[in-house]
Amino acid sequence: MTKLIAHSSSALTGCTEVPGDKSISHRALIIGAVALGRTIVRGLLEAEDVLRTVSALTALGAIIKRSGEEWLIDGVGVGGLTAPEDVIDMGNSGTAARLLIGLLATHDIRAVVTGDHSLRSRPMDRVMEPLSLFGATFDAFEGRRLPLSMHGAAEPIPVEYEVPVASAQIKSALLFAGLNTPGITTIIEREATRDHTEKMLKNFGAEIHVEMAESHRITIRGYAELSGREVFIPGDPSSAAFPGVAALIVPGSEVTIRNIGVNPRRAGLFETLRDMGASLEIANKRILSGEPVADITFRHGPLTGADIPASRAPSMIDEYPIAAVAAAFASGQTLFRGLAELRVKESDRFIAIINGLTSCGVPVRAEGDDILVEGLNGQLPGGAKISVNLDHRVAMAYLVLGLGSEKPVEIDDATAIGTSFPGFLKLMRGLGAKIDSVES
């Protein structure tokens with residue numbers, strides 16, 4: 001366990017980049033593994049979660065290797081995966097686990113999938129239930145959690161399924177199952193979720209269509225012949241959130257982050273910060289590998305409370321811990337609505353926000369599935385020791401809080417930060433953040 005402590009810092013300044021987008025990295029590896037020919041990936045996030053996906057796909061027959069700054073994937077084609085010789089361990093990555101289970105659901109092979117303590121506590125029935133409709137069978141711990149033993153369908157059946165909750169993971173798992181299923185698989189979403197999977201599948205040659213009306217209807221034709229591509233992965237907006245918000249709350253700061261993914265279905269935090277009056281300058285917009293990318297400059301300035309609707313949750317579901325930190329530094333109340341999904345992330349982030357802010361002297365309370373933060377207009381006491389429960393985003397959020405609070409904020413274990421943001425500490429220190437290791 002590595003303890004870190006963040007102290008009140010002078011102005012943060014600089015121009016930097018954050019690691020590649022985790023969601024897109026997983027998808028580039030998975031789709032490249034079932035494409036024909038070679039896929040070349042630039043900007044892959046080389047963090048623990050993504051490297052678990054590399055190991056899993058290698059165990060299933062794909063050839064994946066690093067060459068300089070690029071990752072090369074020699075795929076096996078749709079339907080070409082082979083049975084693994086050992087248990088597949090997805091570590092802490094719920095995204096990778098659910099997407100992989102979807103991919104395997106329509107391959108006639110057996111596999112056992114597990115993860116670390118945190119991942120084994122998270123529900124898998126939300127993908128197991130619809131994937132069973134294709135013909136896959138599952139035997140999971142207590143019926144709904146990892147470890148699970150599965151056998152993909154020998155003769156998969158195309159499915160039409162309405163996703164009951166806003167979840168890009170469920171949608172993507174079903175799309176990956178549909179790749180090796182005859183005919184048309186249809187997924188219906190009540191709320192739009194991140195669409196990286198649809199964009200990338202189309203880029204690789206899949207026949208996929210999206211109809212946008214009152215609901216989103218996504219169809220994919222099975223047995224597609226995907227072809228290897230060159231893929232550029234933009235900087236992860238979820239990672240950019242931490243140095244970005246740090247610049248907003250530390251007086252005198254100005255930080256520019258280049259090459260951030262600004263897909264509208266991932267940009268909810270930026271919209272929320274603007275609702276709070278944050279100074280954000282978005283420049284150099286362009287499209288790379290089908291994804292919108294831009295450079296964003298974050299400048300310190302006054303923040304005000306805002307009412308954040310539940311409809312924004314799908315586009316910022318991973319950013320609520322750091323958004324709550326921004327709200328704590330604002331003047332007035334910020335109400336975050338519709339946060340039930342936070343209870344089943346890497347940790348119970350709903351409770352992590354309530355308990356962490358309270359321990360740092362911020363008035364905050366739960367109202368059903370909503371969280372109300374009473375902003376302290378930049379005058380935060382801090383002084384807490386936070387138990388992060390192996391949650392990387394909680395760990396980074398409270399370190400950022402400590403940079404602007406009166407007293408230091410300590411986290412009990414920084415180990416999990418490496419699952420999504422290797423180099424976080426070096427990057428933040430390079431901007432001027434005062435974050436120290438704590439001697440045991």
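Axes are lines fitted to C-alpha atoms, for helices over the stretch in contact, and angles run from 0 to 180 degrees between N-to-C directions. The structure is a predicted model.

**Exercise 1. Describe how helix α8 packs with helix α10, and classify the residues in contact.**

Step 1. Two packed helices are described by the angle between their axes and the distance between the axes. For α8 (residues 237-249) and α10 (residues 320-329), the angle is about 0° and the axes lie 10 Å apart.

Step 2. Angles under 35 degrees count as roughly parallel. The helix α8 is therefore roughly parallel to α10.

Step 3. On the α8 side, A241, F242, V245 and I249 make the contact, and on the α10 side the residues are I322, V325, A326 and F329.

Step 4. Sorted by class, the contact of α8 with α10 comprises 8 nonpolar residues, with no polar and no charged ones.

**Exercise 2. Determine the geometry and the contact residues of α8 with helix α13.**

Step 1. Helix α13 spans residues 424-431; its packing angle with α8 is about 25°, and the axes are 11 Å apart.

Step 2. With the limit of 35 degrees for roughly parallel axes, α8 and α13 are therefore roughly parallel to each other.

Step 3. The crossing of α8 past α13 is right-handed.

Step 4. The residues of α8 in this contact are F242, P243 and A246, and those of α13 are F424, L427, M428 and L431. The class count is 7 nonpolar, no polar and no charged residues.

Step 5. A look at both contacts shows F242 of α8 taking part in the one with α10 and in the one with α13.

**Exercise 3. Characterise the largest pocket by volume, lining and contributing elements.**

Step 1. The volume of the largest pocket is about 640 Å³.

Step 2. Its lining consists of 35 residues, and those nearest the pocket centre are A166, S167, I317, E341 and K345.

Step 3. Elements giving two or more residues to this lining are α1 (22-33), α3 (94-104) and α6 (168-179). The most comes from α1, with 4 residues.

Step 4. The lining of the largest pocket divides into 9 nonpolar, 11 polar and 15 charged residues.

**Exercise 4. State how many cavities of 30 Å³ or more a search of the whole structure finds, and describe their linings.**

Step 1. The search finds 2 such cavities.

Step 2. The largest cavity holds about 40 Å³ of space. Its lining is formed by I24, H196, K199, M200, S289 and E291. Helix α7 (residues 196-203) provides the largest share, 3 residues. By class, there are 2 nonpolar, 2 polar and 2 charged residues in this lining.

Step 3. The second largest cavity holds about 30 Å³. It is lined by D21, I24, H196, P234, P237, G261, V262, N263, R266 and E291, which divide into 4 nonpolar, 3 polar and 3 charged residues.

**Exercise 5. Locate the cis peptide bond from L146 to P147 and the positive phi of Y223 in the fold.**

Step 1. The bond from L146 to P147 is cis, its omega being near 0°. P147 belongs to strand β9 (residues 145-151).

Step 2. Y223 is not a glycine, yet its phi is positive, at about 60°. Y223 lies in the loop between β13 (216-221) and β14 (230-232).

Key. Residues numbered from 1 in each chain as written. Predicted model: local features only at pLDDT ≥ 70, side-chain atom pairs only at ≥ 80, totals over all residues. Heavy atoms only, no water. Parallel < 35°, antiparallel > 145°, perpendicular 65-115°, else oblique. Contact = heavy atoms within 4.5 Å. Nonpolar A, V, L, I, M, F, W, Y, C, P; charged D, E, K, R; others polar. 1 Å grid on protein atoms, 1.4 Å probe; cavity = no way out; pocket = protein on both sides within 12 Å on 5 of 7 lines; lining within 4 Å. Points joined across faces, edges and corners; volume = space filled by probe spheres on them. Left-handed = near helix turned anticlockwise from the far one by under 90°.
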